[in-house]
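Please open the model in a viewer and keep the selection tool at hand. The stops below are meant to be followed in order.

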Amino acid sequence: MTTKEMVYAALFAALISVLALVPPIPLGFIPVPITVQTLGVMIAGAFLGKKISGISLILFLVLVAIGLPVLPGGRAGLSVLVGPTGGYLLSWPIAAFCIGYATEKVWGSLKVWKMIVIHIVFGVLLINVIGAPFMALITNTSVWAGLVGGVAFLPGDCIKAVIAAIIVWQLKAISPIEARANR
């Protein structure tokens with residue numbers, strides 16, 4: 001891993017941490033709030049590619065685990081990772097890696113609509129498919145109830161997927177993926 005890649009990984013971990021400053025929207029029927037941080041996960045995956053984005057999100061989870069207040073409301077620590085939001089958080093490196101992998105595969109013919117589809121499949125659906133059953137397990141409810149509760153995230157997450165695709169499209173020329181493609 002080059003120094004530039006390490007800096008990108010750290011910068012995106014910091015960016016996702018800064019997105020925690022946007023106040024979360026609590027939902028009364030499930031213990032997981034709506035946050036803007038998933039936008040950062042999608043941008044990281046599509047901009048950095050599979051390797052660097054996965055490392056960036058693992059770094060972010062390490063920051064959470066050691067107790068830095070990088071989640072909305074200043075939450076942090078191992079208890080967050082084994083609480084109701086833990087499945088969603090633990091899915092972020094997987095989602096970023098998958099978004100990066102899919103983006104790298106179509107990089108030569110990349111279009112905004114393709115990135116939107118990639119973000120919806122691997123950013124929205126994958127995070128919810130991993131996070132909702134974990135939340136259901138922790139809250140001692142059925143997996144079906146967790147998945148139904150997770151439907152509340154879909155409209156906002158789809159909007160974030162579109163925003164992430166537009167941002168990455170605008171930054172495509174300076175992406176590490178572009179740099180690797182031109183070598």
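Buried here means under 20% relative accessible area, exposed means over 50%, and partly exposed lies in between, with a 1.4 Å probe and protein chains only. The model is predicted, so local features need pLDDT of at least 70 and side-chain atom pairs count only at pLDDT 80 or more, while totals for chains, interfaces and linings use all residues. Residues are numbered from 1 along each chain as its sequence is written, and side-chain values use heavy atoms, with hydrogens and water left out.

**Stop 1: Glu104 and its partners**

Select Glu104, which counts as partly exposed at 25% relative accessibility. Which residue forms a salt bridge with Glu104 with the closest N and O atoms 3.8 Å apart? The partner is Lys50. A salt bridge is a side-chain nitrogen of Lys or Arg within 4 Å of a carboxyl oxygen of Asp or Glu. Lys50 lies in helix α3 and Glu104 in helix α5 (residues 86-105), so the pair ties together parts that are 54 residues apart in sequence. Helices are DSSP runs of H or I with at least four residues, and strands are runs of E with at least two; both are numbered from the N terminus. Lys50 is partly exposed, at a relative accessible area of 28%.

Arg180 is partly exposed, with 29% relative accessibility. Together, Lys50, Glu104 and Arg180 are linked in a network of salt bridges.

**Stop 2: a pair within α8**

A search of the whole structure finds four salt bridges; one of them joins Asp157 to Lys160, with the closest N and O atoms 3.0 Å apart. Select both residues. They are three residues apart in helix α8 (residues 154-170), and so are separated by about one helical turn.

**Stop 3: α1 and α2**

Show helix α1 (residues 3-18) and helix α2 (residues 37-48); their axes come within 8 Å and cross at roughly 160°. Axes are lines fitted to C-alpha atoms, for helices over the stretch in contact, and angles run from 0 to 180 degrees between N-to-C directions. α1 and α2 are therefore roughly antiparallel to each other. Angles over 145 degrees count as roughly antiparallel, under 35 as roughly parallel, 65 to 115 as roughly perpendicular and the rest as oblique.

**Stop 4: Leu125**

Move to Leu125 in helix α6 (residues 112-138). Leu125 counts as partly exposed, at 40% relative accessibility. Now pick Leu63 as well: Leu125 and Leu63 are 62 residues apart in sequence and 25 Å apart in space, C-alpha to C-alpha.

**Stop 5: Asn140**

Where is Asn140? Asn140 sits in the loop between α6 and α7 (143-150). Its phi is near 60°, a positive value in a residue other than glycine. Asn140 is exposed, with a relative accessible area of 71%.
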